[in-house]
Amino acid sequence: MKDEERICGLYLRVSTEDQAKEGFSLPEQKERLEALCKFKGYKIYDYYTDAGISAKTGNHRPEFDRLIEDAKNKKINTIIALKLDRLSRSIYDWENLLKTSEKYGFDLVCANDDINTTNANGKMVTRIMMSVSQNEIERTSERTKVGMAGAIKKGHIPAVCPIGYKRVDKKLVPDPLTKDIVIKIFNLYFEGNSYSTIANVFNKEKVLDKTNWRDVRILKILSNEIYKGDYVSGKTLNKPVYYENVVEPIVSKELWENCQAQKKKNQKNYMRTQTYIFLQKLRCPKCGRILAGGATHKIKADKWYFYYRCEDCKNNIKEETIENSVKKLLSDILEYDNVVNEFFLPVLKSKIDNPKEQLEKELKSLNNKKDRIRKAYIDALFTEEEYKNESKIIENQIELINSKLLENNQAEQLNFTIDDILLKRDMDFINKIKLPFSYYAFNDNWNFLDRDTKADIVMRYIDDIELEYKNNKYQVKQINFRSTFYNDFEELYKKGYIDRKRPITYSADAFYMTTNVRYSEYLPIKEVMQHLYRLNEYYEVRFYKGTFYKETEKLDIGPLLTNEIPIRIFPLQKNNNGDKNWISIGMLATMNHPNDIKVNIRDVFETIPDNVTEENF
């Protein structure tokens with residue numbers, strides 16, 4: 001082909017990473033290629049420009065495709081680019097391009113690389129250059145991946161900032177304005193609500209001033225590992241890389257994992273007209289199928305009877321049977337829920353989750369933003385409608401922060417501590433002994449809860465209830481608690497701030513008796529005495545010291561007074577005496593009548609004794 005017969009298509013391409021490099025701008029490429037054509041006497045047919053697109057395999061380059069089509073259709077016989085990597089950055093793609101050029105009879109020219117594909121040597125040179133280019137690309141990609149991994153591990157997440165977080169110094173940190181929305185979504189789902197139910201609740205409440213919450217968005221939030229502090233890159237490329245603990249989590253890993261497991265349990269196939277307390281918690285011990293709920297109504301007695309059945313094995317178990325088998329344990333859970341989860345933990349948690357300094361800083365920022373919007377409206381940069389909408393959003397955010405600051409101040413004024421958990425539980429136990437009728441008036445009792453509340457308690461704390469098949473019927477075998485509840489309970493128990501019941505045989509009135517006694521782990525004697533003096537502000541409480549013999553499992557203690565009831569026992573030694581067969585045990589006890597109450601009756605239910613000074617010890 002003679003030079004004067006060349007009809008050229010000029011290919012111009014710049015990718016995002018190339019735009020800052022000298023000589024790679026589109027105007028610069030065009031100027032150089034036009035100069036080459038003028039010098040060689042080539043005729044320019046058209047310009048083909050792909051802006052902001054890399055030449056990696058798989059990327060769609062519409063102008064490059066148009067260029068090849070024009071070459072195939074003989075509209076041009078020469079393709080000219082500034083450099084070889086403008087046309088391709090892959091050996092595989094370059095070989096295909098060479099085969100296409102040979103088949104359809106067009107040449108490839110690269111101005112800066114002096115490329116000539118009209119002979120075998122020229123083609124060999126292009127292959128060598130392409131190999132070098134691809135090797136450099138792969139090395140750059142490796143360096144980029146290493147750098148990105150390092151940045152992710154430092155909390156620099158290369159993704160759109162999700163709701164619940166904000167960027168501070170390029171790092172994702174929990175946003176005090178929106179993190180509670182995320183927590184609410186996880187808690188609602190954990191409690192058994194569906195995606196659509198949560199979306200409807202948010203639309204009704206106009207969360208973030210929006211009424212376009214959809215179940216798809218709720219699902220996306222629940223599935224995002226970032227909320228438990230982790231990050232997964234490369235999901236869309238099917239090459240996921242998992243990074244653990246790279247940002248501060250908004251929800252616990254246990255809650256996040258439980259919500260993933262909950263997805264299978266929340267499948268809603270029909271609308272239920274009845275509430276089943278143990279729904280989704282029972283599995284047939286014979287075939288493994290989850291038991292379905294059923295109910296019958298006795299018209300004369302106007303009473304509903306609930307049961308759970310296996311559709312395959314045709315066996316069933318009455319709800320009343322399950323409830324009676326686990327009622328004592330459910331009452332303990334309810335007591336824990338009343339004292340710890342509903343009373344103390346939210347207050348203690350508010351001190352951690354609502355840092356006052358951060359909230360005040362956020363409030364100042366919002367007030368400054370409010371002033372800027374007002375100024376923009378005065379300067380006619382905003383319409384009146386835009387100004388009202390923006391102001392409303394900011395006002396709602398300011399109101400939210402002020403409520404959190406108020407909550408924080410109230411928590412500081414109440415000054416609850418983790419020690420108060422054990423104190424309140426002991427007070428409730430004493431009140432249950434001395435004032436049983438008043439106690440049940442002031443505290444929830446399992447027998448008097450409605451079905452929805454019972455189902456909510458079971459959903460929150462119990463993972464499943466194992467059944468066994470004995471004597472041709474289902475029986476309760478074991479209760480498995482949710483890990484979130486069990487972990488919180490165990491942590492408090494190990495530190496000595498919460499108790500659990502255990503059978504103990506102890507000496508009383510010159511003989512031994514066996515009963516279930518509330519048992520807690522070791523506490524330093526200073527904390528024990530503080531606890532004892534605080535209880536004695538309200539009641540007559542005595543402290544006994546005894547010896548527990550491991551071999552006989554008997555506790556020698558006392559002598560206790562007639563009608564005196566143990567409140568709680570606990571070891572007085574942290575190491576349990578190593579290999580010795582005995583351990584020193586402390587016991588708190590009180591009388592089972594109200595005559596020794598030292599304060600107004602309402603105070604024993606509505607207040608907590610203050611700490612006493614060391615002078616009282």
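User: How many cavities of 30 Å³ or more does a search of the whole structure find?

Analyst: One. This is a predicted model, where local features need pLDDT of at least 70, side-chain atom pairs count only at pLDDT 80 or more, and totals for chains, interfaces and linings use all residues. Residues are numbered from 1 along each chain as its sequence is written, and side-chain values use heavy atoms, with hydrogens and water left out. A cavity is a set of points on a 1 Å grid over the protein atoms alone where a 1.4 Å probe fits but cannot get out.

User: Which residues line the largest cavity?

Analyst: Leu-523, Glu-527, Val-528, His-531, Arg-568, Phe-570 and Leu-588 (lining means an atom within 4 Å of a point). About 30 Å³ of space lies inside.

User: Which helix gives the most to that lining?

Analyst: Helix 17, with three residues. Helices here are DSSP runs of H or I, at least four residues, and strands are E runs of at least two, numbered from the N terminus.

User: Switching topic: at what angle do helix 13 and helix 17 pack?

Analyst: Helix 13 (residues 419-434) and helix 17 (residues 525-536) pack at about 45 degrees, with axes 11 Å apart. So helix 13 is oblique to helix 17; under 35 degrees would be roughly parallel, over 145 roughly antiparallel, and 65 to 115 roughly perpendicular, with the rest oblique. Axes are lines fitted to C-alpha atoms, for helices over the stretch in contact, and angles run from 0 to 180 degrees between N-to-C directions.

Note on methods
On a 1 Å grid over the protein atoms alone, a cavity is a set of points where a 1.4 Å probe fits but cannot get out, and a pocket is an open set with protein on both sides within 12 Å along at least five of seven lines; lining residues have an atom within 4 Å of a point. Grid points are joined across faces, edges and corners, and a volume is the space filled by probe spheres set on the points.
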